[in-house]
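I opened the model to look up a few things. My notes follow.

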Amino acid sequence: MHLRVTFVAAARSTSLLAERFEDDRPLDQAGWDEVQRAAQELMPLAAAELRYCSPTPRSRATGDALGYAPLAQPALRDCDMGRWRGFTLGEAMAREPSAVDAWLADPRSAPHGGESLTSFISRVGGWLDTRPADDGSRIVAVAEPSVVRAALVYALKAQPSTYWNIDVRPLSTITLTGVNGRWNLRLEGVPQHA
């Protein structure tokens, strides 16, 4: 049986320029407003047999506000950024410019002491590949935009550096169809809010 896994990017909790690594802040007012505007289009996904979310406050709040009542999945957490957790990219660059350059250039590096990009992509892909087909054919997962990017790179068997070329906006959706290591990207109508 083929699965249909729809990822919904969590609503925002900060402006794009203020985003921090492993940001676990709850939704801000703009995020709540975005969820309300998108609710009519995204609520039908609550009919999925299985509903999951990243274990972040904003992912859970997004899923709850859309009526999904999602189950938190540790494998869908953001990339472990080690000592850079809570920093913006600019702050990490100001403190450790050569380490940030190495991290951006080599997806196997983890100069921050956390998880490499390749390990992060593999973890998210492992979660995707272990969804049991007999649990139901439709799955929705509310996740951080970084997790959605990692899932796309994994599903498309793209080079890890492709991760940096994918822009995932809050409340956008992507659907993957397939099963265990054989995934296809399914493009559907784009919500009006995206």
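**Ser-54 and its surroundings**

I started with the contacts of Ser-54. Leaving out residues up to four places away in sequence, Ser-54 touches Ser-59, Arg-60, Gln-73, Leu-76, Val-142, Ala-143, Glu-144 and Val-147. Contact here means heavy atoms within 4.5 Å. This is a predicted model: local features need pLDDT of at least 70, side-chain atom pairs count only at pLDDT 80 or more, and totals for chains, interfaces and linings use all residues. Residues are numbered from 1 along each chain as its sequence is written, and side-chain values use heavy atoms, with hydrogens and water left out.

I placed Ser-54 in the loop between β2 (50–53) and α2 (57–65). Helices (H or I, at least four residues) and strands (E, at least two) are DSSP runs, numbered from the N terminus.

Is Ser-54 buried or exposed? Ser-54 counts as buried because its relative accessible area is 0%. The cut-offs are under 20% for buried, over 50% for exposed, and partly exposed in between (1.4 Å probe, protein chains only).

I then checked the side chain of Ser-54. One of its polar atoms lies 2.7 Å from the backbone oxygen of Leu-76.

**The sheet**

I traced the strand order next. Six strands make an open sheet, ordered β3-β2-β4-β1-β5-β6, with mixed pairing. At the edges sit β3 (71–72) and β6 (182–186), each pairing on one side only. Two strands pair if DSSP finds at least two bridges between them.

Strand β5 (residues 173–179) runs antiparallel to β1, and six bridges join them. Val-5 has Leu-176 as its bridge partner in β5. With β4 (residues 138–143), β1 pairs in the parallel sense, over six bridges. In β4, Thr-6 is partnered by Val-140, and Phe-7 by Ala-141.

**A surface patch**

Which residues form a nonpolar patch on the surface? I found Leu-89, Met-93, Leu-104 and Trp-164, with about 310 Å² of accessible area together. Areas come from the Shrake-Rupley method with a 1.4 Å probe; for residues, only the protein chains shown count as cover. Nonpolar side chains (Val, Leu, Ile, Met, Phe, Trp, Tyr) are joined within 5 Å, like charges within 9 Å.

Leu-104 belongs to helix α4 (residues 97–105). I noted Leu-104 as partly exposed, because its relative accessible area is 33%.

Notes: Polar contact = N/O pair within 3.5 Å; in protein donor to acceptor, adjacent residues only side chain to side chain. Patch = residues over 30% accessible without salt bridge, like charges linked within 9 Å, V, L, I, M, F, W, Y side chains within 5 Å. Salt bridge = Lys/Arg side-chain N within 4 Å of Asp/Glu carboxyl O.
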